Amino acid sequence: MSGFGGRKKLGTGDLLAYAILVTFAVAAVYPVLQIFSISLRPGDRLYSTSLAIIPQDATFKAYHTILFDRPFGLWLRNSLLLSASVTLVSIALASTAGYAFSRYRFRGHREGMYSFLMTQMFPATMLLLPLYVLFRQLQLLDSFIGLGVAYVATSLPFCVWTMKGYYDTLPRDLEEAALLDGMNPWGAFMVVVLPLAAPALAITALFSFMASWSEFIVARVILSRPNLFTLPLGLASLAGTFQTEWANYAAGSLLVCLPVVVLFIALNRLLISGLTLGGVKG
Amino acid sequence: MGSGRRPYRFFPYLMVLPAMAVMVAVVFYPLLYNFSLATRNMSLYHFQSSQFVGLKNFIAIFSDHTFYGVFLKTVIWTVANLVFHVLFGVTLGLLLDRPLPGRAVLRALLILPWAVPQYISALTWRGMFDYEYGAINLILKNALHLMPIPWLSNATWAFIAPVITNVWLGFPFMMIVTLGGLQSIPAELYEAADLDGASPWTKLTRITLPGLWPVLAPSILLGTVWTFNNLNVIWLVTDGGRPADQTHILTTYIYKAAFAYYRYSYAAAFSVIVFLILLGFTIAFMRSLKGQEARA
């Protein structure tokens, strides 16, 4: 149905399609250009009524400031450490649990799947508040362990459902052949199934990475020591101290966006094929 | 497969165990704790010495008319967002499915709002809504010669502003889901329809949209729950409910009660109510899906 269009002449329908797509694309890109524009503004022109994307007297000074005069390196290290650990743990837990839910019918199967779905109904405060009170009593506030575990728990249900949905689309013949050849189920899973599930693994990784890389509200409650700040908290502190350093904030934001935007665009084909929530089709 | 292979009877349980252990520790235990908190009177002043008060918090919430106002706003917020997410997402997905030159570039650009971290987009939009220096009013004034809008100071506009922001944030997800769903519709259906001389409209309403539904339905369910519970966007765009706490939805209201006013037990009881509302909605939604499947 899709595929290569050939050299057909474009009709009015196509032109209309372009008009709509381009309008939305402009709307999608504009706020990001806006961040870029602010990051280039010199200090005395932060409040400007010009709509030009490249401001007068554009300067990269804010990038220099944020990288060398603010603890950006520390925030980056904290965020990378946290996001990488959360991603690894989420993938390990979701790929195994999702497989069992997809291939086996065991006691508690239904309840297990639904309990993961049910967690999505919790308002953020329903977890945040008890965790905060518990962590406060256990002296776990201001620790990466506490925050990391909270992140794994919030991203896990979506990851498990995504993995399960993707395994459902894989044919069973290959594993069955491997099992007949005398391989044990764990071996069949690791050697035969997991490599085939690469698209879903990539998406699971992307989601759990994104979730902790860009999370603000939970981190704000759990972390208060500045040397533990993640990138979101660090950037927000620029917007909060004595005066808002908008240009520095914008430059920092853009640096934070860059890796995730690149990943997202690079993986956008995978997103389409791998985002199989399954669910209804079971 | 399944239960046939005796020696590996415990294999599926072992596979599920680690994930379940994390969920029990970090989700289900705090959940129970939240229920117990909801029946006490813990606040900043009664942190170590809270007492059991039964349903007092729930009665306080239901007899206060703020609850109904905030609940109504939450419903409007959720419905408005979902309608536009689905409308824009499905339209763009269908358009991107046409073999247009340059669509890979368009798709990459259209996915951008999803890729940018939420708090950055929210704060950027907040800046763009500024009365004097924000890009939106500048465009309205300078390019379209319209009156500037008091986006953040008027209670109604201050509620529309985060809706616009969240529509922008959320449509790419539905677009990608649509594109994925379109791949699962067999091409033979379209070929058969072409042989029958079906119009593009008939093909859209009889093949494409019904074919998309199995993929869209779970996404709409999840989208509804996520939007209902969205804390980041409305909190950051309205700067914690400004003006004068007029722009809260349930989650931001609870967040403020808990972490600005330290009314822990009150907030916990409120969370339980929101959870029950969403649980009820989800069960109803899944029942109606089951009903559709049975009829189909």
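Trainee: What percentage of the residues in chain B do buried residues make up?

Mentor: A residue is buried if 20 or more other C-beta atoms lie within 10 Å of its own, exposed if 12 or fewer, and partly exposed in between, with C-beta atoms placed from the backbone. Of the 296 residues in chain B, 41% are buried. Please note that this is a predicted model, in which local features need pLDDT of at least 70 and side-chain atom pairs count only at pLDDT 80 or more, while totals for chains, interfaces and linings use all residues. Residues are numbered from 1 along each chain as its sequence is written, and chains are lettered from A and ligands numbered from 1 in the order in which they are written.

Trainee: How many helices and strands are there in chain B?

Mentor: Helices (H or I, at least four residues) and strands (E, at least two) are DSSP runs, numbered from the N terminus. Chain B has 13 helices and 0 strands. Its C-alpha atoms fill a box of roughly 75 × 75 × 30 Å along the principal axes.

Trainee: Among contacts in chain B between residues at least 6 apart in sequence, what percentage join residues at least 24 apart?

Mentor: Two residues are in contact if their C-beta atoms, placed from the backbone, lie within 7 Å. For chain B the share is 67%.

Trainee: How many residues of chain A are in contact with chain B?

Mentor: On chain A 80 residues take part, and they meet 85 residues of chain B. Helix H1 (residues 12-39) of chain A gives the most to the side of chain A that touches chain B, with 14 residues. For classes, Ala, Val, Leu, Ile, Met, Phe, Trp, Tyr, Cys and Pro count as nonpolar, Asp, Glu, Lys and Arg as charged, and the others, Gly among them, as polar. The side of chain A that touches chain B has 58 nonpolar, 18 polar and 4 charged residues.

Trainee: Which domains does the domain assignment give for chain A?

Mentor: Domain bounds come from an automatic or database domain assignment. Here that assignment gives domain 1 (12-59) and domain 2 (71-281). Taken over C-alpha atoms, the centres of the two domains of chain A are separated by 31 Å. Across the boundary, 7 residues of domain 1 are in contact with 6 residues of domain 2. The domain 1 side of this contact divides into 4 nonpolar, 2 polar and 1 charged.

Trainee: At what angle do helix H3 and helix H9 of chain A pack?

Mentor: Axes are lines fitted to C-alpha atoms, for helices over the stretch in contact, and angles run from 0 to 180 degrees between N-to-C directions. Helix H3 (residues 72-103) and helix H9 (residues 198-213) of chain A pack at about 140°, with their axes 8 Å apart. Angles under 35 degrees count as roughly parallel, over 145 as roughly antiparallel, 65 to 115 as roughly perpendicular and the rest as oblique. H3(A) and H9(A) are therefore oblique to each other. A crossing is left-handed if the near helix is turned anticlockwise from the far one by less than a right angle, and right-handed if clockwise. The crossing of H3(A) and H9(A) is right-handed. Among the residues that make the contact are A:Ser83, A:Val86 and A:Thr87 of H3(A) and A:Ala205 and A:Phe209 of H9(A). By class the contact has 8 nonpolar, 8 polar and no charged residues.

Trainee: Is A:Ala250 buried or exposed?

Mentor: A:Ala250 counts as buried because 28 C-beta neighbours lie inside 10 Å. This residue lies in helix H12 (residues 246-266) of chain A. Leaving aside neighbours within four places in sequence, A:Ala250 is in contact with A:Ile35, A:Ile38, A:Ser39 and A:Ala62.

Trainee: Which peptide bond is cis, with omega near -5°?

Mentor: The bond from B:Arg242 to B:Pro243 is cis. B:Pro243 is found in the loop between helix H11 (232-237) and helix H12 (250-259) of chain B.

Trainee: Where is A:Asp142 placed?

Mentor: A:Asp142 is in the loop between helix H5 (124-137) and helix H6 (144-169) of chain A. Phi of A:Asp142 is near 60°, a positive value in a residue other than glycine. With 14 other C-beta atoms within 10 Å, A:Asp142 is partly exposed.
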